[in-house]
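The exercises below are to be worked with the sequence and the three-dimensional model at hand. Each task is followed by a solution in steps.

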Amino acid sequence: MEFINIAIDGPAGAGKSTISKTVASEMGYAYIDTGAMFRAVALYAIRCGKNTEVGDEIAPLLPDIDIDIKAGENGNIIILNGEDVTGKIRTPEVSMGASNVGKIPEVRQKLLELQRKIAKSGNVVMDGRDIGTHVLPDAQVKIFLTASPQIRARRRLSELMEKGETVTFDEVLSDMIKRDENDSKRAIAPLMQAADAILVDTTHLTLPQSIAKVLDTVKEKAGEIL
C-alpha cells in the first residue's frame with residue numbers, strides 16, 4: 001500500500017501549522033510539525049546555557065535529546081525528554097534558536113531520520129521549510145505557502161499577544177526578516193520552493209480562505225493519485 005505524503009513548506013509565520021493541521025484533519029491524515037522538533041532542540045540547548053549558533057556546543061547534546069509527537073485534543077503535543085513542552089517552544093527566543101540549530105548538520109540529520117521514518121508509516125501532512133525539497137522529495141503533493149513579511153509578522157504578533165507575551169510589532173518583524181535570511185541562506189537544505197510545488201500566497205487571504213485554497217489544491221492532487 002502506498003501512503004500519501006503531503007509536504008507544506010514556507011517561511012516563518014506563513015500559517016503552515018494552522019493550515020496543515022486543518023488539512024490533515026479534513027483528510028484524516030497524521031499531522032507532523034517538523035518546526036516543533038527544531039524548537040524542542042533549541043529549547044533544550046537554551047536550558048543548558050548553550051549558544052544555538054555554535055554547532056560544537058549543540059552537537060554533543062543530541063544523544064541526550066528525545067523528541068516525541070503525540071496527538072492531543074487541541075493538536076500535537078510535543079514531548080521533550082518526557083516533558084510536555086508544547087506551550088514553551090513558541091517564544092521569540094526559541095523561534096530564533098530553532099532557526100539557528102536548523103543550520104547545524106548533526107541536528108538536521110537526527111531529525112531527518114525521524115521525519116522520514118514517520119512518513120513511511122502512514123498518510124501524513126508534514127510542514128516545515130525543506131520538506132518538499134529535502135525531507136520528502138518524493139511527496140506526492142507539495143505546497144509552498146507564503147505571505148509578505150509584514151502580514152506574517154502581524155499574524156505572529158497576534159498569536160504571541162494571545163499567549164500573554166510582551167512583544168512589539170517591530171520586534172516580531174525584525175525577528176521574521178532575520179529568520180527568513182537565516183533559513184534561505186543556510187548551506188544545508190535551505191528554504192526554497194520545490195520545482196514541483198504549488199505556490200499559495202496568502203497575503204491577501206483570510207485564514208478561512210487560505211485553508212480552503214490549500215485544501216482544494218491538496219484534494220485535487222491527491223485525487224489524481226488515488
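**Exercise 1. Determine which residues of β1 lie on each side of the strand, and whether they are buried or exposed.**

Step 1. On one side of β1 are Asn5, Ala7 and Asp9, and on the other are Ile6 and Ile8; all are buried, so that both faces are covered. Buried means under 20% relative accessible area, exposed over 50%, and partly exposed in between, with a 1.4 Å probe and protein chains only.

Step 2. For the strand as a whole (residues 5-9), five of five residues are buried. Strands (E, at least two residues) and helices (H or I, at least four) are DSSP runs, numbered from the N terminus.

Step 3. β1 runs parallel to β6 (residues 124-128), joined by five bridges, and Ile8 has Asp127 as its bridge partner in that strand. Two strands are said to pair if DSSP finds at least two bridges between them.

This is a predicted model, in which local features need pLDDT of at least 70 and side-chain atom pairs count only at pLDDT 80 or more, while totals for chains, interfaces and linings use all residues. Residues are numbered from 1 along each chain as its sequence is written, and side-chain values use heavy atoms, with hydrogens and water left out.

**Exercise 2. Describe the surroundings of Lys70.**

Step 1. Lys70 lies in β3 and is partly exposed, at 45% relative accessibility.

Step 2. Leaving aside residues up to four places away in sequence, Lys70 touches Gly75, Asn76, Ile77 and Ile79.

Step 3. Lys88 is 18 residues from Lys70 along the chain, and their C-alpha atoms are separated by 16 Å.

**Exercise 3. Find how α7 and α8 cross, and which classes of residue form their contact.**

Step 1. The axes of α7 (residues 149-162) and α8 come within 9 Å and cross at roughly 120 degrees, which makes α7 oblique to α8. Axes are lines fitted to C-alpha atoms, for helices over the stretch in contact, and angles run from 0 to 180 degrees between N-to-C directions. Angles under 35 degrees count as roughly parallel, over 145 as roughly antiparallel, 65 to 115 as roughly perpendicular, and the rest as oblique.

Step 2. Among the residues that meet are Ala153, Leu157 and Leu160 in α7 and Val172, Leu173 and Met176 in α8. By class, the contact has nine nonpolar, one polar and five charged residues. Ala, Val, Leu, Ile, Met, Phe, Trp, Tyr, Cys and Pro count as nonpolar, Asp, Glu, Lys and Arg as charged, and the others, Gly among them, as polar.

**Exercise 4. Where are the non-glycine residues Asn81 and Ala189, whose phi is positive?**

Step 1. Most residues other than glycine have a negative phi.

Step 2. Asn81, with a phi of about 50 degrees, is in the loop between β4 and β5. At 36% relative accessibility, Asn81 is partly exposed.

Step 3. Ala189, with a phi of about 45 degrees, is in the loop between α8 (169-185) and β8 (198-201). Ala189 is buried, with a relative accessible area of 14%.

Notes
Contact means heavy atoms within 4.5 Å.
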